[in-house]
Amino acid sequence: MATAAKARFVSEELKPKIGSRILADKEALLSGDYADAILDLLEQRGVLVFPEIHFTDEEQVAFTQTLGTFARELRGEEIYKITLDSGQNATAEYLKGAFFWHFDGFMSPMPIRASLLSSKVLSPAGTGNTEFANTYAAYEALSDEDKQHLDGLKAVHALAATQLDVTPEPSYEQWKQWRAIGRKELPLVWAHRSGRKSLVIGNSAHNILNYDPLDGEELLIRLRDFATGPDFTYSHEWKVGDLVMWDNTGSLHRATYYPLDCGRMLHRTKLEGDEPII
Amino acid sequence: MPVTQDRLDWKELKADIGAEVRSSKAELLSGRYAPQLRELLEQRGVLVFPRVDFSSEEQVIFTRTLGDFVADTPDGSAYAITMDPSNRSAALLKGSFFWHFDGYMNDVPILASVMSCRVPAPSGGETEFCNTYAAWDALPDGHKPQLEEMRVVHALASAQLAVEPEPSYATFQKWLQVPRNTLPLVWTHRSGRKSLVIGSSAVNVLDIDPLEGLELLVWLRDWATQDRFTYSHQWSAGDAVIWDNTGTLHRARAYDPASGRLMLRTKLAGEEPVA
């Protein structure tokens, strides 16, 4: 039995501090038998790659459901189509913020636990990678002095901060639309129930509370630069049929540049979060 | 003797900004209209000299007729502005695609810049100006007392983040080597006139929540750069313009960096601190 199970599900590290590749067949993954193992591994490794697993939309939804509470999109869809082609995605403009390091759902009471992306159409070779940074590993590697300094600090996160990267000179009308999404204060360091800690940073972070804004910007840039250094990052070059799943509570991600009209298409599903950032 | 007119020949470009000066090159270089040009500059924000065809030396001479010349180059010649990759400052120049004024890091920003066009871009590359005196004057009176109390931090880092939103820490620290400067939001000039001191260098408003301060800065920039306060100059070779850096913002519109667009700039020293 043990031998058979091992053959059905194998994992190997991609880099020492981030990422694992899962070698398993569709049936094994869809059975739910490995759900606990996958969730443990996800928390440890930040990002899991299922090379060329070729899930259909239905299979991707079913697989996601084996792992926890399935999170639907704003308008109730199960699958979110990620493309910068404005004909296929009404919110394509907002997606340009995805070229900068971020986590998803900073406005939610509990940010989503994980996202799963399936590659359907590739961008030209050498473009459109998805990159991940392990914010648990980055926090753990900070100096004791830094850890002490960050303890208790809070940052203000806002959609406007993510959109200013894309549109640095908005009209006031545009600004008011961004503002309508609101803002949220979050600790710079997330002390998870597990006892582990991760950095809560990314392009949504606008300023640090009770800090001079420029000094706060400097600290946010220093932490982002550190956390996205080579030790803590994995860059995924897509093949059609790849599924990549990341722990949204312990990583940042971004897309590298690709031509907006190239047809690149990823299908995303999400797992509900079950833990507030505290 | 060339026939000279007894007064400066000019016309308005738009009601709230800009004048086109039609006096001859010889008259301009003579300095005889320098006081009128200074007056007109302050009133109109930007003066255009269509196809005046200053040589580089003539541009320096003309600039010197108007005030204290600031050398931008080791030999005091006009400074060449090009996005050509051979220009080591090309990356910094990208900041000029966003509304700004020059010299925010100095308490006495330069008074004015003269810019002439050697090679225009085949398309794009316009320079746009907005009148921050006129924009201030037109603000609803109810807003003014509060705005006049405010102070704003300006930094190169802010202007550069618009170009490069996700810099390395090393890059950000280089930007921070240019010290930040705190300036009033509203400049009360010695003349008694007031102008808005805003633009891409503005980081935050002191003693206000940073996002709310940013909103105020976005609103004021949007207000000041609306059509009625702005003039967009489409360049022909030989055109020169001068703008009042103490009462305008300016920006360049996008153009192909490989287009060969080449401009020459000279500057006049500031005469008055932002107060």
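This is a predicted model: local features need pLDDT of at least 70, side-chain atom pairs count only at pLDDT 80 or more; totals for chains, interfaces and linings use all residues.

Q: How many bridges join E8 and E9 of chain B?

A: Four bridges join them, and the two strands run antiparallel. Strand E8 of chain B covers residues 151-154, while strand E9 covers residues 181-184.

Q: What about E8(B) and E12, how many bridges there?

A: Three bridges, again in the antiparallel sense. Strand E12 of chain B spans residues 202-205.

Q: Switching to chain A: what's the strand order in the open sheet of three strands?

A: The order is E13-E7-E15 in chain A, and the pairing is antiparallel.

Q: Why do E13 and E15 each have one side without a neighbour in the sheet?

A: Strand E13 (233-236) and strand E15 (251-255) of chain A are at the edges, and each has a single partner strand, so one side of each has no neighbour in the sheet. From one strand to the next, the twist averages 15 degrees.

Q: How many bridges do E7 and E15(A) pair over?

A: Five bridges, with strand E7 of chain A made up of residues 130-134. One of the bridge pairs to look at is A:Asn134, whose partner in E15(A) is A:Ser251.

Q: New topic! How many residues does each chain bring to the contact?

A: Chain B brings 22 residues and chain A brings 22 residues.

Q: Which elements of chain B give two or more residues to the side that touches chain A?

A: Those are helix H8 (169-176), E12 and helix H9 (210-224) of chain B. H9(B) gives the most, with six residues.

Q: What classes of residue make up that side of chain B?

A: There are 16 nonpolar, two polar and four charged residues on the side of chain B that touches chain A.

Q: Last stop, the largest nonpolar core. Which residues touch the most other members?

A: The core has 128 residues, and those touching the most other members are A:Leu199, A:Ile201, B:Leu47, B:Leu196, B:Val197 and B:Val241. H9(B) gives the most to this core, with six residues.

Q: What does B:Leu196 touch, not counting residues up to four places away in sequence?

A: On that count, B:Leu196 touches B:Thr132, B:Ala135, B:Trp136, B:Leu185, B:Val186, B:Leu220 and B:Ala224.

Terms used: Residues are numbered from 1 along each chain as its sequence is written. Chains are lettered from A and ligands numbered from 1 in the order in which they are written. Two strands pair if DSSP finds at least two bridges between them. Axes are lines fitted to C-alpha atoms, for helices over the stretch in contact, and angles run from 0 to 180 degrees between N-to-C directions. Two residues are in contact if their C-beta atoms, placed from the backbone, lie within 7 Å. Ala, Val, Leu, Ile, Met, Phe, Trp, Tyr, Cys and Pro count as nonpolar, Asp, Glu, Lys and Arg as charged, and the others, Gly among them, as polar. A nonpolar core is a set of buried Ala, Val, Leu, Ile, Met, Phe, Trp, Tyr and Cys residues joined through C-beta atoms within 7 Å. A residue is buried if 20 or more other C-beta atoms lie within 10 Å of its own, exposed if 12 or fewer, and partly exposed in between; C-beta atoms are placed from the backbone.
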